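This briefing covers helix packing, aromatic contacts and backbone geometry. Please have the sequence and the coordinates open while reading.

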Amino acid sequence: MKLRLVLGDQLSLSIASLQDVAKDDVVLICEVKQEATYVKHHKKKIAFVFSAMRHFAQDLRAQGYTVQYVAYDDPNNTGSLLGEVQNFIASHPVSQVVLTKPAEYRLLSEFETWRTELSVPVELREDDRFLATPSEFADWADGRKQLRMEFFYREMRRKHNVLMDGTAPVGGQWNYDAENRKPPPKHLTVPETYKTPVDAITRQVIDLVHIAFPDHFGDLTPFHFAVTRSGALEALDQFIDQRLSLFGDYQDAMIQDEPWMYHSHIGLYLNCGLLTPLECIRRAEAAFYEGSAPLNAVEGFIRQILGWREYVRGIYWLKMPEYKNMNVLGATRPLPDFYWTGETQMNCLRQCVLETKQNAYAHHIQRLMVLGNFALLAGIDPDDVNNWYMLVYADAYEWVELPNVSGMILFADGGILASKPYAASGSYIKKMSNYCDSCSYKPTIKNGPKACPFNYLYWDFIDRNSKLLHSNPRMGFMYKTLGRMDDDKRQAIADDSQRFLREIGVDEKN
Ligand code: FAD
Ligand code: DLZ
Ligand code: SF4
């Protein structure tokens with residue numbers, strides 16, 4: 001008998017370790033302290049993952065497979081993946097342990113030691129949940145001076161024949177991003193996100209999480225995520241029918257009390273195996289050919305999955321483990337408390353933190369241009385920022401979280417991922433949202449106690465990082481503007497920044 005271990009983010013019948021599963025094999029799925037607490041995940045994320053694991057086990061059993069399911073509160077639970085595998089081997093005639101490579105470096109390093117730790121042979125299979133393997137990405141990266149997503153994405157479009165017209169991109173352009181930056185109009189109505197009722201399995205899991213993880217961040221209820229493959233497919237269909245057509249137009253827009261906007265909200269399903277990337281891409285492509293969604297929306301959505309998602313994973317495996325320790329800008333301040341409480345006068349940050357706490361979700365532009373931009377400008381330590389992003393979102397796994405945080409928002413990798421820091425002043429948030437209308441600060445004031453803190457923090461960031469950034473060709477304009485400021489203005493920027501950082505308790509280094 002072979003023992004096939006399936007992890008909480010491998011919940012797919014097509015996963016490599018299950019491809020040749022026989023009826024007398026055993027599939028081991030276990031809820032363990034090791035995975036539930038290596039960061040203190042949002043309560044809703046744990047409930048989602050445990051419930052999806054339990055439903056997946058139920059589906060496997062219904063199809064005639066034997067599943068050994070270890071619940072978190074099982075009195076014999078050893079708390080670790082290795083402990084559970086060893087336990088099982090000790091009392092069953094196991095000939096081999098079959099695993100799919102995990103999505104995170106941390107676990108891959110651990111699984112590689114299992115060959116010597118376990119008394120039976122271990123087969124570690126390639127992770128086939130993505131469209132590019134780490135070695136394909138490494139081949140693409142080999143010899144290139146810069147690893148820009150756009151060029152990788154074009155290769156992926158060709159390879160998978162997505163939105164192609166022979167050898168040319170459909171519509172004549174590869175990328176329609178320029179059409180996808182519309183500010184939100186005044187009375188935009190946003191459709192509701194997909195909501196599914198809580199069933200008996202999810203109810204049990206919610207009760208368990210309530211008791212077992214009382215000190216973890218986030219609101220456990222209301223809970224409305226899908227927890228099965230069929231539910232995730234319904235959520236995908238709802239997105240394609242109701243939101244895809246405006247996904248492009250309002251991709252970067254933010255509205256007070258509208259956490260979901262026109263995004264798809266499928267990241268958590270993709271990342272745990274309930275949906276596959278290619279099926280999401282094909283459904284969006286079909287919507288374009290059927291005429292129900294325009295090209296700027298469909299191309300924009302497909303680029304996120306076929307481009308960004310595959311690209312950040314490629315960067316992760318290419319650059320780990322060094323990537324995790326990179327801090328090129330030498331940022332050392334601790335994360336402000338308001339990232340946990342939402343208690344700040346900055347309305348944009350309050351909104352994004354409170355929505356994150358409620359939903360274990362924030363859309364991309366909130367993560368990037370509000371929460372991320374602030375962490376960059378304020379010089380917050382990448383370890384603190386990574387820890388926060390890893391634990392607050394239901395779709396967070398290190399392979400995708402780390403490059404987005406250390407690469408995309410913090411520039412801690414010195415430009416491996418992005419050609420320049422995504423730094424912005426308050427005018428960006430004012431243009432792309434209505435958050436400033438309800439804020440105590442004014443985005444049009446540049447200095448002093450009423451000024452939007454993003455304004456002076458932006459110039460303070462540019463000024464204090466000039467040694468590293470002034471030669472960046474994409475930053476030339478900023479350094480010219482800074483050069484034209486007189487000493488008084490520069491001093492006011494430094495003083496305001498110092499005062500504000502002191503007020504929020506992060507003027508001391510970590
Ligand atoms: P949509 O906006 O509808 O996009 C569709 C899909 O494209 C997403 O579900 C996702 O699978 C993919 N995608 C879009 N942007 C990216 C990107 N930059 N990198 C990788 N995939 C992308 N995504 C995660 O899946 N997990 C994370 O932990 C995560 N952390 C992030 C941290 C920061 C600082 C930033 C800036 C982005 C992060 N992202 C992360 C990327 C992106 O914000 C989320 O994938 C997206 O917000 C999920 O919501 P959605 O499903 O509605 O996405
Ligand atoms: C995220 C998560 C959580 C919360 N709990 C478990 C668990 O108890 N058992 C398990 O097998 N997987 C869990 N996961 C997903 C893993 O953390 C994920 O497989 C690794 O981080 C690799 O990506
Ligand atoms: Fe955010 Fe500044 Fe606007 Fe306030 S004024 S909501 S802090 S951008």
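Is Phe239 buried or exposed? Phe239 counts as buried, at 0% relative accessibility; buried means under 20% relative accessible area, exposed over 50% and partly exposed in between, with a 1.4 Å probe and protein chains only. This is a predicted model, in which local features need pLDDT of at least 70 and side-chain atom pairs count only at pLDDT 80 or more, while totals for chains, interfaces and linings use all residues. Residues are numbered from 1 along each chain as its sequence is written, chains are lettered from A and ligands numbered from 1 in the order in which they are written, and side-chain values use heavy atoms, with hydrogens and water left out.

**Aromatic pairs and cluster**

- The structure holds 34 aromatic pairs; rings of Phe, Tyr and Trp (its six-membered ring) pair if their centres lie within 6.5 Å, and planes under 30 degrees apart count as stacked, over 60 as edge-to-face and the rest as tilted.
- Phe137 and Tyr311 are edge-to-face, because their ring planes stand at 65°, with the centres 6.0 Å apart.
- Phe137 belongs to helix α5 (residues 134-141) and Tyr311 to helix α12 (residues 295-319), so this pair ties together parts 174 residues apart in sequence. Helices (H or I, at least four residues) and strands (E, at least two) are DSSP runs, numbered from the N terminus.
- Phe137 is buried at 1% relative accessibility, and Tyr311 is buried at 0%.
- Phe239 also forms an edge-to-face pair with Phe247, with 6.0 Å between the centres and 85° between the planes. Phe247 is buried, at a relative accessible area of 4%.
- One aromatic cluster is formed by Phe338, Tyr339, Phe374, Trp388, Tyr389, Tyr393, Phe454, Tyr456 and Phe500.

**Charges over rings**

- Lys45 lies over the face of Tyr397, 4.6 Å from the ring centre. A charge sits over a ring if NZ of Lys or CZ of Arg is within 6 Å of the ring centre and within 35 degrees of the ring normal.
- The ring of Tyr361 has the charged end of Arg367 over it, 5.8 Å from the centre.

**Helix packing**

- Helix α19 (residues 453-464) packs on helix α21 (residues 476-484) at an angle of about 100°, and their axes are 10 Å apart. Axes are lines fitted to C-alpha atoms, for helices over the stretch in contact, and angles run from 0 to 180 degrees between N-to-C directions.
- That makes α19 roughly perpendicular to α21 (65 to 115 degrees).
- Tyr458, Trp459, Ile462 and Asp463 of α19 meet Met478, Tyr479, Thr481 and Leu482 of α21, where contact means heavy atoms within 4.5 Å.

**Loops and backbone geometry**

- Most residues other than glycine have a negative phi, and most peptide bonds are trans.
- The Thr221 to Pro222 peptide bond is cis, with omega near 0°; Pro222 is in the loop between α7 (200-212) and α8 (229-242).
- The Met320 to Pro321 bond is cis too, with omega near 5°, and Pro321 is in the loop between α12 and α13 (338-341).
- Asp257, not a glycine, has a positive phi of about 65° and is exposed at 57% relative accessibility.
- Met261, not a glycine either, has a positive phi of about 45°, but is buried at 0%.
- Asp257 lies in the loop between α9 (244-247) and α10 (267-272), and Met261 is in the loop between α9 and α10.

Technical notes
Parallel < 35°, antiparallel > 145°, perpendicular 65-115°, else oblique.
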